[in-house]
Structure formats: C-alpha cells, structure tokens
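Subject: Structure handover and pocket findings

Dear colleague,

Please find below the structure for your attention. A summary of the findings follows it.

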Amino acid sequence: MAAMTAYKYQAQALMRDYLLADPLVPYTSVLIGIVLCKMAYDFTRILSSFYFKGYTLLTKIQRIEWNNRGMSSAHAIFITAVSLYLVMSTDLFSDRVKGPITFRYSIISTSALGVSVGYFITDLAMIFWLYPSLGGMEYVLHHTVSLVAIAYTMLSGEGQFYTYMVLISETTTPEINLRW
C-alpha cells in the first residue's frame with residue numbers, strides 16, 4: 001500500500017512540475033502529438049492487415065497513404081471532439097465569463113492545440129518525405145498555414161476560440177478519407 005501511495009505522489013509531482021507547468025505544456029503536447037500520430041499510423045497498419053483483405057493487395061505507396069489517412073482521421077476525431085467540448089460544454093469561452101474571448105485559454109485548450117501541431121508536423125514531414133505521392137504543393141501550403149496558425153494561437157493564447165471554431169470543420173476529414 002505504501003508503494004502505491006509513493007507512486008501516486010510521484011505521478012502527481014510529474015504532472016504538477018512537468019506536464020502542467022505552463023512553459024512546458026506546449027512543447028510536451030507537441031511531442032505527445034507526434035508520438036500519438038506514430039501510434040495511430042501503426043495501429044491503422046496493424047488493423048488493416050487483419051481486417052481488410054484488399055489492404056495486402058495495395059502497393060507500398062498506397063499502403064502508406066492508407067495508413068496516413070488513418071492517422072489523419074484519428075487526429076480529426078480527436079480535435080473535433082476537443083473543439084466541441086471546449087466550445088460547447090465548458091465555460092472557457094462562455095458569455096458568463098468576463099473579459100475578452102480572444103484572450104481566453106487553459107492548459108487543456110493549449111495542450112490540445114499542441115497535439116494538433118504535432119499532427120501537422122508529422123503529416124508535413126511525411127508529405128515532404130514522399131513528395132508528391134502523398135500530396136502536391138496544395139497539401140504543403142495547407143499544412144504549413146495550418147501549422148503556423150495553430151502554433152501561434154497555442155504559444156500566444158490569443159484567438160483560441162476562433163481556432164477551435166475552425167477546427168470543428170475537421171469533422172469532415174474521416175468521410176473524405178473513407179472516400180479514398
């Protein structure tokens with residue numbers, strides 16, 4: 001029992017001193033986003049090889065694109081859920097809170113944007129690595145502009161409400177990917 005209590009206190013100290021320390025939240029969440037993207041990519045590959053007969057018939061580049069779209073869909077589901085939660089269910093962007101809405105942020109809102117920045121870094125790296133197989137210049141432009149905009153609002157805390165309103169549109173990404 002004492003060992004469990006010691007681990008509990010160590011975990012709380014880690015959360016307080018590292019993961020939730022304001023200067024480190026954006027950078028930690030970006031790294032977490034990159035790791036989660038790799039996990040989603042690998043999870044898509046593993047599930048697809050077991051559950052989709054046509055997956056093994058795809059060429060190598062087609063399998064990479066399929067897995068990349070799985071990663072993209074996982075990000076879209078995550079960021080849409082977080083966006084809806086923050087905009088609709090919390091008081092963070094509520095009219096009941098005094099002060100300008102453009103300067104409101106929280107650790108949760110900043111962390112979720114960091115995960116999204118991690119996704120855009122990962123996806124942009126894959127696009128450059130396999131250019132132009134995963135997308136042409138329009139993908140590079142889209143991902144670069146999105147990365148810069150989300151990173152700015154994550155690091156400055158400005159305009160997070162508006163960023164989350166735009167990120168709700170990510171709800172269409174899984175359907176677009178399924179069309180492929």
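This is a predicted model: local features need pLDDT of at least 70, side-chain atom pairs count only at pLDDT 80 or more; totals for chains, interfaces and linings use all residues.

A contact here means heavy atoms within 4.5 Å. Among the contacts in the protein with a separation of 6 or more, 69% are accounted for by residues 24 or more positions apart.

Residues are numbered from 1 along each chain as its sequence is written, and side-chain values use heavy atoms, with hydrogens and water left out.

Overall fold

The protein has seven helices and zero strands (DSSP runs numbered from the N terminus; helices are H or I with at least four residues, strands E with at least two). Its C-alpha trace spans about 55 × 50 × 25 Å along the principal axes. Of the 180 residues, 42% count as buried, that is, under 20% relative accessible area with a 1.4 Å probe, protein chains only. The accessible surface (Shrake-Rupley method, 1.4 Å probe) comes to about 11100 Å², and carbon and sulfur atoms hold 70% of that.

UniProt, in an unreviewed entry, lists residues 61–180 as "domain: TLC"; such annotations may be inferred rather than shown by experiment. The span is 72% helix and 0% strand, and its end C-alpha atoms lie 14 Å apart.

Pockets

A pocket is an open set of points on a 1 Å grid over the protein atoms alone, where a 1.4 Å probe fits, with protein on both sides within 12 Å along at least five of seven lines; lining residues have an atom within 4 Å of a point. A volume is the space filled by probe spheres set on the points, which are joined across faces, edges and corners.

The largest pocket holds about 560 Å³ of space. Its lining comprises 24 residues, of which Tyr119, His142, His143, Glu170 and Thr173 lie nearest the centre. Helix H5 gives the most to this lining, with six residues. By class, the lining has 10 nonpolar, 10 polar and four charged residues (Ala, Val, Leu, Ile, Met, Phe, Trp, Tyr, Cys and Pro are nonpolar; Asp, Glu, Lys and Arg charged; the others, including Gly, polar).

The second largest pocket has a volume of about 280 Å³. It is lined by 15 residues, with Thr44, Trp66, Arg69, Gly70 and Ser73 nearest its centre. Two or more lining residues come from each of H2 (25–51), H3 and H7, and H3 gives the most, with six.

Yours sincerely

Definitions and conventions:
Buried means under 20% relative accessible area, exposed over 50%, partly exposed in between (1.4 Å probe, protein chains only).
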